[in-house]
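Hi,

Here is the structure I promised to pass on. Have a look at it first, and then read my notes below.

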Amino acid sequence: MLAPLALTLLSLASAASPDLDLLLEAQAGQTVTPHVQLGEGLPGIESLRFEPPPVPEKEPWAAGRGALPPGPAADHPGLTLGGLTGKAVYVSQCHGWQWYDSLGRFSTQRGILYDTVEDFHNPEGANHYLLRYLENAGAATFTVRERDWNPQMAIADNDGEGYAESGGGFEAGPSGFEDTAPYGVTELPFEAGTTRRFPADGGGVATWIPEVPSDGYYALYVSWDSDPSNSTAAHYRITHPGGVIDRVFDQTVHGSTWQYVEHLWLPAGVEGLTVELVADGSDAGAWLSADAVRVGGGMDDIERHGVTTGRPRWESSALHYTQFLGAPASVFNYGGEGYDPSARSRWAKWEHPSGEDAVYLSWHSNAGGGTGTSTYIYEGSHTRTEGSLELGSNVQDELVSAIRALWDGGWSDRGVRTASFAEVSPAYNDEMPSALVELAFHDHPIDTDLLKHPRFRQDAARAMYRGIVRTFAEFDGAEPAFLPEPPADVALLHDADGALELSWSPGLAGDPYGDPATSYVVYRSADGRSWDNGTDVGNVIAVPVESEPGEVVYARVAARNRGGVSFPSEVVGARRSPAGHAEVLVVLGFDRLGTNLLWEDASPVGEVRRLDQHRINNFDHAVAHGDAVAAAGWYFESAADERLAELDLADRSMLLFWNAGEESTEDDTFSAEHQALVRDFYAEGGALWVTGSEVLWDLDLRGSDSDRSFAAEVLGVTLLEDDAGTWLASGEGPLEGVLLDFGEEHGAPYPAEWPDVLTSGDLPIARYATGGVAATLGDGRSHWGLPFECVGSPEARAAATTALLPLLVPGYTPPVVPEDGGDGSDGSDGSDGSDGGGDGTDGTADETGGGVEPPGTRQPAEQGGCGCATGAPVGGALAVAMALLAVARRRDGARAAPAGEVPRRG
């Protein structure tokens with residue numbers, strides 16, 4: 001017997017609707033109803049549909065072409081060879097904003113429930129994780145909705161600014177992209193402009209330099225006009241702050257659309273990115289096609305009824321994005337208004353060239369009462385596309401197995417089901433196996449808690465990727481190979497010889513994760529944001545990192561096997577010391593990636609929790625800490641907090657600069673093991689600088705007696721209030737005049753939503769605008785109730801380290817890199833006088849080796865050693881605070897040590 005809603009829909013469809021998909025989408029609107037595609041179980045429902053017009057063939061000459069080139073490695077510059085090399089995956093990120101006549105406005109296709117909307121949480125998971133898994137395995141990916149969540153965009157085009165040509169042989173080509181936004185329902189952006197073409201072996205170069213709107217992470221896209229006479233190996237050269245990337249594309253296919261290339265950090269302006277199409281090929285007689293280059297996702301500029309959504313492009317439906325991708329109106333707009341579910345699958349068929357080995361997967365969540373996971377394949381009056389059952393079964397099996405292993409042992413397996421859904425229907429796309437995942441129920445509170453969790457979405461994405469790998473392996477008669485998990489426990493430290501060494505531990509392996517690594521790839525960066533192309537270092541877990549004394553280096557590691565390349569490790573960094581050891585160890589203790597970190601967005605549908613991993617935890621906070629230490633003239637190294645137990649802290653470091661970020665109770669800000677290590681380090685004369693907005697919430701308010709004892713006795717603080725109620729703070733005492741504002745509008749990388757208000761017997765050195773104590777300074781210790789990396793101004797961070805490091809380790813002068821670049825082992829690392837190492841009169845080093853004092857020698861505070869010459873200036877209260885602390889200290893001041901020896905506080 002049909003449910004009342006199903007009977008209503010069937011009656012309405014029979015009476016009025018020209019297309020069932022349109023009816024069901026309109027019926028859903030902002031209401032909480034069963035899933036939009038309710039074709040399953042409604043007898044004869046497919047007969048209620050129009051017979052759609054055929055999808056036009058985009059590139060009829062494509063039959064018999066070779067395999068796809070390797071896909072891009074997400075967050076790794078360049079290409080990846082892996083288990084999906086030569087394969088294509090068309091990914092649907094489900095629903096988005098579209099116009100509803102019944103509402104007279106744009107609306108999401110699902111309503112808000114439990115602070116989330118299906119139109120947002122599913123594409124967030126697909127864009128952040130699924131696409132990265134697929135591309136890191138070598139697949140070429142094509143999405144029915146915008147993948148880049150950056151709302152800013154820049155375009156360089158042969159029809160506009162930012163384009164140049166050098167060399168000969170250029171001539172006018174066919175139609176191409178031109179930015180004439182906003183686009184009405186009949187306007188096609190890839191027919192509005194022109195292209196240029198030139199011989200593939202003629203030495204010419206087409207160059208694009210887009211003007212990047214602001215510093216940030218951007219997807220990079222290129223476009224061309226496809227033609228059978230074009231080169232199958234068009235060479236694009238991308239120059240960015242991390243180096244040069246070379247990519248090769250087959251320009252006989254996938255033309256007149258946006259082709260995804262890379263995801264890069266770019267600085268604002270025209271200095272950070274140059275894209276060149278280089279005619280250095282060997283295919284005589286072939287052509288290169290030059291059209292446009294785009295960075296960023298931008299704002300939705302598809303217009304309906306004279307208005308746009310006013311929202312970022314990635315939030316909008318496939319109806320909008322397929323139009324922006326260049327599809328003809330017969331793909332997305334047949335019938336006059338367009339139908340979003342069929343636009344997704346029809347676009348995939350239009351974009352897919354003959355002979356390309358591909359599958360189609362759509363990521364959804366369910367509603368209507370229930371719990372658990374199901375995967376749908378087609379059943380209806382058409383013949384199901386071969387391979388769909390295998391695809392659906394493999395994805396479903398992997399999902400249920402992963403969720404039961406990692407989240408809920410009793411998770412409901414709702415099985416592989418059949419329906420006449422438009423996304424899997426061969427009436428719209430009969431060229432590739434297709435499946436639709438209903439991951440969990442967004443109207444069930446427990447399911448929705450999981451759907452919002454970033455780790456759950458990543459685990460689900462990995463499972464979907466594994467299901468796709470298994471499917472292609474079955475088709476090819478091969479053993480599946482799964483890319484490895486990221487390396488863990490990363491550290492960049494000075495070794496026994498004073499050089500830098502990068503080390504790590506293997507990541508997890510085996511179901512439901514990946515296969516073990518067979519080698520590792522090390523990536524270097526000068527700024528911790530823009531990366532080189534990586535170096536395969538073999539199957540080792542430690543490698544030397546070439547660097548000069550005084551040089552700041554950042555690094556990360558990825559694991560590799562025949563399945564592909566893992567996601568990267570967290571970022572570590574170091575400034576190599578000429579003395580062979582660093583005074584400061586930056587401890588990376590912010591590992592949290594949970595639902596409570598999702599930021600609140602006051603969107604038109606209401607307050608929803610959103611995922612942008614760059615805005616919650618980008619695992620690169622070594623950069624803010626390291627740059628600030630280096631700006632003060634000191635030296636640092638860094639390690640994951642998991643590595644501390646194996647390090648002899650008392651012999652290696654003077655100060656632990658602890659990055660707790662928003663680490664909290666669920667992950668332990670300081671585990672019992674870490675508390676013991678830190679307590680011993682402090683008792684033995686080491687200094688502490690701890691920053692984080694949840695440390696005292698965890699230790700003092702929610703902690704055990706031993707936790708509270710550690711906070712009070714070692715950190716020197718207790719919790720007065722859990723939330724300062726502001727993101728404004730300013731220094732006092734030694735930080736007088738330093739603005740420590742830490743909101744996103746001030747440059748913070750993420751919102752620190754619950755900054756601790758402190759109470760302490762130590763000296764207050766910063767206050768919130770609401771009056772509470774934000775930071776304290778005591779005997780060899782400083783505690784901040786806000787994350788240091790969230791202080792948005794690099795100059796303010798440098799001012800803080802310049803002022804506090806010499807107070808935390810008084811009487812010590814960091815060595816100065818000699819002009820001849822020596823390692824300082826012969827005393828040549830001494831101060832040049834400007835940092836207080838000599839007599840301060842002629843700039844010459846003293847006879848004891850400059851600023852590095854011999855054993856037993858105390859350096860007076862008035863002699864300097866604060867690194868102010870290389871850092872930002874601070875207020876005059878610095879000298880007063882230093883004098884007060886000198887009187888109040890329990891221990892003797894630290895001595896400066898000869899090369900290779902670590903000085904202590906006492």
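**Notes on strands, a helix and cysteines**

Strand β17 and strand β20 (residues 434–441) run parallel to each other and are joined by six bridges. Within this pair, Tyr 360 has Ser 434 of β20 as its bridge partner. Before I go on, please note that this is a predicted model, in which local features need pLDDT of at least 70 and side-chain atom pairs count only at pLDDT 80 or more, while totals for chains, interfaces and linings use all residues. Numbering starts from 1 along each chain as its sequence is written, and side-chain values use heavy atoms, with hydrogens and water left out.

On terms: helices (H or I, at least four residues) and strands (E, at least two) are DSSP runs numbered from the N terminus, and two strands pair if DSSP finds at least two bridges between them. Buried means under 20% relative accessible area, exposed over 50% and partly exposed in between, with a 1.4 Å probe and protein chains only.

Back to β17, which covers residues 358–366: nine of its nine residues are buried. Ala 358, Tyr 360, Ser 362, His 364 and Asn 366 point one way, and Val 359, Leu 361, Trp 363 and Ser 365 point the other way.

Now for helix α3 (residues 118–136). All 19 of its 19 residues are buried, so the helix is largely enclosed by the rest of the structure. Gly 138 follows α3 and has a positive phi, near 100°.

What is the count of disulfides? With a disulfide taken as a pair of cysteine sulfur atoms within 2.5 Å, the count is zero. As for individual cysteines, Cys 94 is buried at a relative accessible area of 0%, and Cys 790 counts as buried at 0% relative accessibility.

Best wishes
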